[in-house]
Amino acid sequence: MQKSIERIAGDSEGVSYEFPVFRFEGLRFDGSDKSASSAYLQAALHAGELPGVVAIDALMPMLEKAEAEGRIKGDITVVPQANPIGRAQYHFGEHQGRFHLGTRTNFNRGFPLLAAPDVKLLPDTTLGTADQRLKTRLLQLSLGHDIVLDLHCDDEGLAYLYVHASLWPAMADCAAAMGVDAVILWDEDTDGTFEGASITPYLNVPAVVARFDRRVATTVEYRGILDVDGVLAGADAEGLYRLLVARGVILDQALSTSGSFTGPNSFTGPNSFTGPNSFTGIVAPLENIDMMPAPRAGAVLYDVKPGDRVAKGALLATIVHAPGEADGRTQVLAPQAGIILTRRSRRIIRAGEDLLKLVGDRKSADARSGTLED
């Protein structure tokens, strides 16, 4: 394993930011052009989202063991904390890692959407802002890898993936290996998410270059922001390891044969891995998601939790907007039948702010394209 330090220049004299990058070099068995798939993993692009960070921490010993035993076939690049700028941002004691305070831009928006997978097409950000320099460098680090995993989390929720429609169902083995509960399919990115920037360069190139049969690009939502837990981290790490084995980045004959992981934190969740194409979780297009904007500001009393199946008209939440007064509560009802994917981790809401994600059985009447949230 090789460790290097990336440095991003700040926006004023004497200010710079650093983050480590770990690289595992894959073995070249036959020298042919059918080399093993390579992988890029990053976490905490939204700097306060830590479930992916601790998952990578639990994964690293597995990668080091595989390296020591000569079982890493394809190159692996790991960025455990991808956003030192957001990590350093505090406002009155509260961490602010989702938006760059200098530009008010989401750290997972504004990535360059390249026309082809060519680093020469990356923009020159010398005179840009620090967050633009960070985004360009992260994309440069990931470009060319067959597998790109961007590890995030939601407020409170199930574990799920965002996947471009061109990669499904070919990525069903990945969803199964990771043990996620749901997959949300999308087909257009106009906001420049990291995932969008990872797949867009391959959408208009020849199939021999795009290699969609072996390409993986996904945003991984590891449940909720408070799910920073050793047992969950171990299970998530095993899921990442299974994916790398399933896609031929790591050789593990025992795992490839049995389809099960027998490590100390072996995952046995609702969608635990039982075979390469065994994903039985929720699969739905992004257009099926109802975000449920709050009709009033106030305190939220949820009647549902992530994973609940609801019928049309079911009570989802009550907003207490005028406590102690007649008619001081407003109920929020399900616009259609579906599954609760996520909900807010805080209980204070503004009017118009989204309450939850309901994965409906059909297209939402208020369907959104592109990214669901700011």
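Is the crossing of H1 and H7 left-handed or right-handed? The crossing of H1 and H7 is right-handed, a crossing being right-handed if the near helix is turned clockwise from the far one by less than a right angle, and left-handed if anticlockwise. The model is a predicted one, in which local features need pLDDT of at least 70, side-chain atom pairs count only at pLDDT 80 or more, and totals for chains, interfaces and linings use all residues. Residues are numbered from 1 along each chain as its sequence is written, and side-chain values use heavy atoms, with hydrogens and water left out.

| Item | Value |
|---|---|
| Helix H1 | residues 51-68 |
| Helix H7 | residues 230-246 |
| Angle between H1 and H7 | about 55° |
| Distance between the axes of H1 and H7 | 8 Å |

H1 and H7 are therefore oblique to each other, a class that holds angles which are not under 35 degrees (roughly parallel), over 145 (roughly antiparallel) or 65 to 115 (roughly perpendicular). In contact (heavy atoms within 4.5 Å), residues of H1 including Val54, Leu59 and Met62 meet residues of H7, among them Asp236, Leu240 and Tyr241.

Elsewhere, Val209 is found in helix H6, residues 207-210, and at 37% relative accessibility it counts as partly exposed, that is, between buried (under 20%) and exposed (over 50%), with a 1.4 Å probe and protein chains only. Not counting residues up to four places away in sequence, Val209 touches Pro117, Tyr202 and Arg215.

Definitions and conventions: Axes are lines fitted to C-alpha atoms, for helices over the stretch in contact, and angles run from 0 to 180 degrees between N-to-C directions. Helices (H or I, at least four residues) and strands (E, at least two) are DSSP runs, numbered from the N terminus.
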